[in-house]
Amino acid sequence: MREVWTDKPLFVRISATDWAEGPEKAEDGTWLQWGVEQVILWADKMMSVGVVDLIDCSSGGNWVKQKIAAGHGYQVPFAAAIKKAHPTLVVGAVGNIVDPEIAESYLKDGKVDLVFLAREFIRNPHWALTAAKVLGAKVKPANQYERAW
Ligand SMILES: Cc1cc2nc3c(=O)[nH]c(=O)nc-3n(C[C@H](O)[C@H](O)[C@H](O)COP(=O)(O)O)c2cc1C
């Protein structure tokens, strides 16, 4: 990928868990299911190759009985675990992030370097403006709106 995507940021989306029941690893060290411990090992390899600019941490589901409690920021702990294990790696969090102050706290607390939102932008296309207001950030409106801003 890097050979052809030479001058642009290369992001890798990963699933940090399959949300299967039980522990990721047995006491004898056998891996029982996919999870964040293995993602951290995988991230080691990614870093040693040195071509990836950002890990975009999501989760997935190869386990039919999974019950995902998809609350606000429900995947952030996985992203934060990767960031903690690899502080120099640029890590983005995704997954039902909706609240500007909470989103900002993920960044300020150093849990992750970036937050990505999708569904909240569908619910509220003006989320960026909402967030700017809540966080006291200055935004520049479109030129046409400036007089009435
Ligand atoms: C119905 C649905 C299925 C999704 N499936 C996957 C998936 O298989 N793998 C993945 O990495 N992300 C998956 N996502 C996450 C999206 O790719 C995207 O990252 C996420 O919707 C953005 O976060 P947000 O919409 O919670 O703000 C899915 C999202 C939805 C709503």
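Modeller: First, a definition. Ala, Val, Leu, Ile, Met, Phe, Trp, Tyr, Cys and Pro count as nonpolar, Asp, Glu, Lys and Arg as charged, and the others, Gly among them, as polar. The model discussed here is predicted.

Biologist: How much space lies in the largest cavity?

Modeller: A search of the whole structure finds one cavity of 30 Å³ or more. The space in the largest cavity is about 30 Å³.

Biologist: In what order do the elements of the chain run?

Modeller: The chain has five helices and four strands. Read from the N terminus on, the order is β-α-β-α-β-α-β-α-α.

Biologist: What box do the C-alpha atoms of the chain fill?

Modeller: The box is taken along the principal axes. Its dimensions are roughly 65 × 40 × 25 Å.

Biologist: Is the crossing of H1 and H2 left-handed or right-handed?

Modeller: Take the two helices at their angle of about 40°. Their crossing is right-handed.

Biologist: By class, which residues does the contact of H1 with H2 have?

Modeller: H1 brings Val36, Val39, Ile40 and Ala43. H2 brings Phe78, Ala81, Ile82 and Ala85. Val, Ile, Ala and Phe count as nonpolar. The contact therefore has no polar residues, no charged residues and eight nonpolar.

Biologist: How does H3 lie to H5, roughly perpendicular or roughly parallel?

Modeller: The axes of helix H3 (residues 100–108) and helix H5 (residues 127–135) come within 9 Å. They cross at roughly 75°. Angles of 65 to 115 degrees count as roughly perpendicular. H3 to H5 is therefore roughly perpendicular.

Biologist: How many charged residues does the contact of H3 with H5 have?

Modeller: From H3 come Pro100, Glu101 and Glu104. From H5 come Trp127, Ala131, Val134 and Leu135. The contact has five nonpolar residues and no polar ones. Its charged residues number two.

Biologist: Which helix gives the most to the lining of the largest pocket?

Modeller: The pocket holds about 170 Å³ of space. It is lined by 15 residues, with Val94, Gly95, Asn96, Ala118 and Arg119 nearest its centre. By class, the lining has seven nonpolar, four polar and four charged residues. The most, three residues, come from helix H4.

Biologist: What phi does asparagine 96 have?

Modeller: Asparagine 96 sits in the loop between strand S3 (91–94) and H3. Most residues other than glycine have a negative phi. Asparagine 96 is not a glycine, yet its phi is positive, about 55°.

Biologist: Where is the place of tryptophan 19?

Modeller: Tryptophan 19 also has a positive phi, about 60°, although it is not a glycine. Its place in the chain is the loop between strand S1 (11–15) and H1.

Notes: Residues numbered from 1 in each chain as written. Predicted model: local features only at pLDDT ≥ 70, side-chain atom pairs only at ≥ 80, totals over all residues. Heavy atoms only, no water. 1 Å grid on protein atoms, 1.4 Å probe; cavity = no way out; pocket = protein on both sides within 12 Å on 5 of 7 lines; lining within 4 Å. Points joined across faces, edges and corners; volume = space filled by probe spheres on them. Axes fitted to C-alpha atoms, helices over the stretch in contact; angles between N-to-C directions. Left-handed = near helix turned anticlockwise from the far one by under 90°. Contact = heavy atoms within 4.5 Å. Parallel < 35°, antiparallel > 145°, perpendicular 65-115°, else oblique.
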